[in-house]
Amino acid sequence: MCSLPVPQEPLRQVAVTRGTHGNEMCGVHLVRHWLQAPGELQRPSFSAMPVLANPAATAACRRYMDHDLSRTFTLPFLNSTATPDDPYEVTRARELNELLDLHNTKANTGVCLISEASHNALNLHLCHYLQLQNPGLPCRLLQYDLPGMETYSLESVSKDGICLEMGPPASGELRADLFSRMRALMASILDFIELYNQGMAFPAFEIDIYRNLGKVDFPRTADSDLDGTVHPQLQDHDFEPLSLTSSFLLFIPLISFCCIIAIATI
Ligand SMILES: [Zn+2]
């Protein structure tokens, strides 16, 4: 990655959203904290605003009410004429214009920044900065651009949006370790923006990035019911390369062990 250019336009306004998915509790409780103590988000060169993205789903501890808010930031939704019958999240998407989105995932992702390729330079340097600040903590960058598809997530409507995923809590679970880590990472992210605004030099570096190459569905019955799950040897090994050996198994059947589904590699 090349060195980061000195900003011609410093970042002046930062929004930290949480509760896009109402059952991801670390971000939910962090924003509740920041709303009570907003000084924790402030830095000299910019103002940061905590935002509750999906209050109705948060109150219900559900991922969403009518439509996944994190899939609602598309032009057809955002440009459509509002009606009383609109799904709750479509109405909410029109109200929001945020920058940074905090998520929990049930996958064992560790710390994962998700960014569009067009937002590459700043976010790659941010990821590298977090790696340097947190030695030993896996911090990865996933470039999430689906070929031929319009972007649809909350951070995609901002100038330099990025999504921070941390896993793996269960749905609705608040884990103290992940809560503390997310809070510390947010402080590091805001410190990075402050250094960027001050014109600090960020030299070139090398970094691994991850891309979405495709999807593999679970094994299913003729009625489309689940017929298998992730093999124990692969469970929780997110971001690790799949084995190329013929004995490697991606799925294990739920009932019978005689028809094991074979290999998938990337
Ligand atoms: Zn989420």
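## Annotated sites, helix packing and backbone geometry

Histidine 21 counts as buried, because 25 C-beta neighbours lie inside 10 Å; a residue is buried if 20 or more other C-beta atoms lie within 10 Å of its own, exposed if 12 or fewer, and partly exposed in between, with C-beta atoms placed from the backbone. The model is predicted: local features need pLDDT of at least 70, side-chain atom pairs count only at pLDDT 80 or more, and totals for chains, interfaces and linings use all residues. Residues are numbered from 1 along each chain as its sequence is written.

The protein has six helices and nine strands; helices (H or I, at least four residues) and strands (E, at least two) are DSSP runs, numbered from the N terminus. Of its 266 residues, 31% count as buried. Among contacts between residues at least 6 apart in sequence, 72% join residues at least 24 apart, where two residues are in contact if their C-beta atoms, placed from the backbone, lie within 7 Å.

### Annotated positions

UniProt, in an unreviewed entry, lists His21, Glu24 and His103 under "binding site". These residues span 83 residues in sequence, yet no two of their C-alpha atoms are more than 7.4 Å apart, so they gather at one spot. The UniProt positions are given in the numbering used here, feature names are shortened, and annotations may be inferred rather than shown by experiment.

Histidine 21 is placed in the loop between β1 (13-18) and α1. Not counting residues up to four places away in sequence, histidine 21 touches Arg63, Tyr64, Ser70 and His103. Glutamate 24 is also in the loop between β1 and α1, and with 27 C-beta neighbours inside 10 Å it counts as buried. Leaving aside neighbours within four places in sequence, glutamate 24 is in contact with His103 and Asn104.

The "active site" annotation of the unreviewed UniProt entry covers Glu165. Glutamate 165 is found in strand β6 (residues 162-167) and counts as partly exposed, with 19 C-beta neighbours inside 10 Å. Excluding residues up to four places away in sequence, glutamate 165 touches His103, Thr105, Thr109, Cys112 and Ile114. His103 is therefore listed by the record under "binding site", and it is among the residues touched by glutamate 165.

### Packing against helix α6

Helix α1 (residues 25-36) packs against helix α6 (residues 176-197) at an angle of about 60°, with the axes 9 Å apart. Axes are lines fitted to C-alpha atoms, for helices over the stretch in contact, and angles run from 0 to 180 degrees between N-to-C directions. The angle makes α1 oblique to α6; angles under 35 degrees count as roughly parallel, over 145 as roughly antiparallel, 65 to 115 as roughly perpendicular and the rest as oblique. In this contact, Cys26, Gly27, His29 and Leu30 of α1 meet Leu178, Phe179, Met182 and Arg183 of α6. The residues of the contact divide into five nonpolar, two polar and one charged. Here Ala, Val, Leu, Ile, Met, Phe, Trp, Tyr, Cys and Pro count as nonpolar, Asp, Glu, Lys and Arg as charged, and the others, Gly among them, as polar.

The axes of helix α5 (residues 120-133) and α6 come within 10 Å and cross at roughly 125°, which makes α5 oblique to α6. Leu126, Tyr129, Leu130 and Gln133 of α5 form the contact with Leu185, Ser188, Ile189 and Phe192 of α6. The residues of this contact divide into six nonpolar, two polar and no charged.

### Loops and backbone geometry

A cis peptide bond joins glycine 167 and proline 168, with omega of about 15°. Proline 168 is placed in the loop between β6 and α6.

| Residue | Phi | Loop | C-beta atoms within 10 Å |
|---|---|---|---|
| Serine 224 | about 70° | between β7 and β8 | 8, exposed |

Valine 216 is located in the loop between β7 (209-211) and β8 (228-230) and is exposed, with 10 other C-beta atoms within 10 Å. Valine 216 and leucine 250 are 34 residues apart along the chain, and their C-alpha atoms are separated by 9.8 Å.
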